[in-house]
Amino acid sequence: MRGVPGSGKTRIARELSGRIGRIHSTDGYFYRNGKYCFDKKFLTEYHRLNFEAFCQSLKENQPIVICDNTNIRRSSYQHYIDAAQKAGYEVRIIERPHPNPKLAAANNIHGVPEAVIRRMIHHWEPSNIPTELCHRA
C-alpha cells in the first residue's frame, strides 16, 4: 500500500486482506494502551520490526501479505518487494490517490497535520511498476 495519511490505505488493506491476509504497518508499533503515540526517535526501529514481521508472514506462507505504510519513496518499500519476490510472491502495489491535504488532515486517524501531508505529497515518488497487492503466486 502507498498513500499519504487520510488516503484510505488501511481501509483498503483491511478489505483486501479479508480473513486470510496479514497486514503489517509501522504505525501499529506506536500504540500504547490503545492510544497512538508517535515518537520520531523510534521510527527507524519500528520500521525494522515491521519489516521483520512482514518477512515472518512470508516465511509462514500467508496467502496475502500487505505492507500498509505511506511508502513515499521507492527506497521505503523496495526491500518489501525484494523479500516478497524472493519468497515466491507476486507483488502488486496499490497507490491511493492524493486527497485534498486539508481533508486528509481532518480524516487521518493519527493526527498528521496538513503541512506534513503537503510535504509528503511534494516528495512523492511515483512507482515504476504496475500498481496493486502482494499475494502468493
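Predicted model: local features only at pLDDT ≥ 70, side-chain atom pairs only at ≥ 80, totals over all residues.

Reader: Is proline 5 buried or exposed?

Author: Proline 5 touches Thr70, Ala104, Asn108, Val112, Ile117 and Met120, leaving aside residues up to four places away in sequence. A residue counts as buried when its relative accessible area is under 20%. Because the relative accessibility of proline 5 is 10%, proline 5 counts as buried.

Reader: Which residues that line the largest pocket are the closest to its centre?

Author: The largest pocket holds about 1000 Å³ of space. There are 34 residues in its lining, and the closest to the centre are Pro5, Asp27, Thr70, Val112 and Met120.

Reader: Which element gives the largest share of the lining of the largest pocket?

Author: The elements that each give two or more residues to the lining of this pocket are helix H1, H2 and helix H5 (114–122). The largest share, 4 residues, comes from H1.

Reader: Where is asparagine 71 found, and is asparagine 71 buried or exposed?

Author: Asparagine 71 sits in the loop between E4 and helix H3 (74–86). Since its relative accessible area is 4%, asparagine 71 is buried.

Reader: What is the phi of asparagine 33, and where is asparagine 33 found?

Author: Most residues other than glycine have a negative phi. Asparagine 71 has a positive phi of about 50° although it is not a glycine. Asparagine 33, which counts as exposed at 86% relative accessibility, is found in the loop between strand E2 (31–32) and strand E3 (35–36). Asparagine 33 is not a glycine either, and its phi is positive, at about 55°.

Reader: Which residue in E4 stands opposite arginine 22?

Author: Strand E1 (residues 21–24) and E4 run parallel and are joined by 4 bridges. Both faces of strand E4 (residues 64–67) are covered, with Ile64 and Ile66 buried on one side and Val65 and Cys67 buried on the other. The residue in E4 that stands opposite arginine 22 is valine 65.

Reader: Which element gives the largest share of the largest nonpolar core?

Author: The largest nonpolar core has 13 residues, and those with the most contacts inside it are Phe54, Leu58, Val65, Ile81, Ala84 and Tyr89. Two or more residues of this core come from each of helix H2 (43–59), E4, H3 and strand E5 (89–91). The largest share, 5 residues, comes from H3.

Reader: How many residues are in the second, separate core?

Author: In soluble globular proteins, nonpolar side chains tend to be buried together. The second core is separate and includes Ile72, Val112, Ile117 and Trp124, and its residues number 7.

How values were computed:
Residues numbered from 1 in each chain as written. Heavy atoms only, no water. Buried < 20%, exposed > 50% of the residue type's maximum accessible area, 1.4 Å probe, protein only. Pairing = 2+ DSSP bridges. Core = buried A, V, L, I, M, F, W, Y, C linked by side-chain atoms within 4.5 Å. 1 Å grid on protein atoms, 1.4 Å probe; cavity = no way out; pocket = protein on both sides within 12 Å on 5 of 7 lines; lining within 4 Å. Points joined across faces, edges and corners; volume = space filled by probe spheres on them. Contact = heavy atoms within 4.5 Å.
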